[in-house]
Amino acid sequence: MTSVDEPAQLAALDIFLPSPPPDPEQQEAFLDEAAALALDGHPITVYFQDEDAWAFEECEPVREMLEAVGEAVLPVTVLGLDIVVSWAYPSTDQMTRFARVGGASEAPRSAAAAACGPGGAGAPMPREAGGFAAQLMGAAPAPARPAGGPEIEGRRNLMGGDHGDGLPGQASPAPGAVAD
């Protein structure tokens, strides 16, 4: 059982920095901010390209990003296995927000529902399989589709053989051809 006064669990941030830095003053200012957060209890680990080359090789997202883009992408901030900031030093606000949000336990969400806008962003993932995947797993098949189809009225059938009434029929002879 957790106490209400107990601080929220913070997620670890891994920050990969270039060596030597393109702007030493900017990197030093960032390191001061990161150190202040670390002293406040934020789990932040900083890796330097020359001193911690093993970390750049072991962290798959960073290694892949460096292979694809090159060293110009540094600095890179990683939360779990996700790159959350690249090409720039994260701000103190960003580091605090990522650590808090990354440490919060949430129910898995459906990416499809989240893509549907604000109403679907909080929709939980479905708990039962549906469609063809469900049939493969032995669930009941989907209901049959209605027979027939909509009335297309005066629309043209673009599948060929259209005489203007929306229904396919015998194609008219090509120009210059003799009809039977």
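Leu-17 is in contact (heavy atoms within 4.5 Å) with Gln-27, Phe-30, Leu-31, Val-46, Tyr-47, Phe-48, Gln-49, Phe-56, Leu-74, Pro-75 and Tyr-89, residues up to four places away in sequence being left out. The model is predicted, with local features requiring a pLDDT of at least 70 and side-chain atom pairs a pLDDT of 80 or more, while totals for chains, interfaces and linings use all residues. Residues are numbered from 1 along each chain as its sequence is written, and side-chain values use heavy atoms, without hydrogens and water.

Leu-17 also belongs to the largest nonpolar core, which has 14 residues; Leu-13, Ile-15, Leu-17, Phe-30, Ile-44 and Met-95 have the most contacts inside this core. A nonpolar core is a set of buried Ala, Val, Leu, Ile, Met, Phe, Trp, Tyr and Cys residues joined through side-chain atoms within 4.5 Å; buried denotes under 20% relative accessible area, exposed over 50% and partly exposed in between, with a 1.4 Å probe and protein chains only. At least two residues of the core come from each of strand S1 (13-17), helix H1 (24-39), strand S2 (44-48) and helix H4 (92-103). Helices (H or I, at least four residues) and strands (E, at least two) are DSSP runs numbered from the N terminus. Phe-16, Val-62, Leu-66 and Val-73 are among the 11 residues of a second, separate core.

Aromatic pairs number 4, where rings of Phe, Tyr and Trp (its six-membered ring) pair if their centres lie within 6.5 Å, and planes under 30 degrees apart count as stacked, over 60 as edge-to-face and the rest as tilted. Phe-16 and Phe-56 form an edge-to-face pair, at 5.1 Å centre to centre and 85 degrees between the planes. Because Phe-16 lies in strand S1 and Phe-56 in helix H2, this pair ties together parts that are 40 residues apart in sequence. Both Phe-16 and Phe-56 are buried. Ring pairs link Phe-16, Tyr-47, Trp-54 and Phe-56 into a cluster.

Asp-52 lies in the loop between S2 and helix H2 (53-58). Beyond its neighbours within four places in sequence, Asp-52 contacts Val-46 and Tyr-47. Asp-52 is buried but has no salt bridge, and the nearest side chain of opposite charge, Arg-63, is 16 Å away. A salt bridge requires a side-chain nitrogen of Lys or Arg within 4 Å of a carboxyl oxygen of Asp or Glu; Lys and Arg count as positive and Asp and Glu as negative, with His and the chain ends not counted.

The chain averages a pLDDT of 73, and 52% of the residues score at least 70; pLDDT is the predictor's confidence in each residue, from 0 to 100. Where pLDDT is low, the predicted coordinates should not be read in detail.
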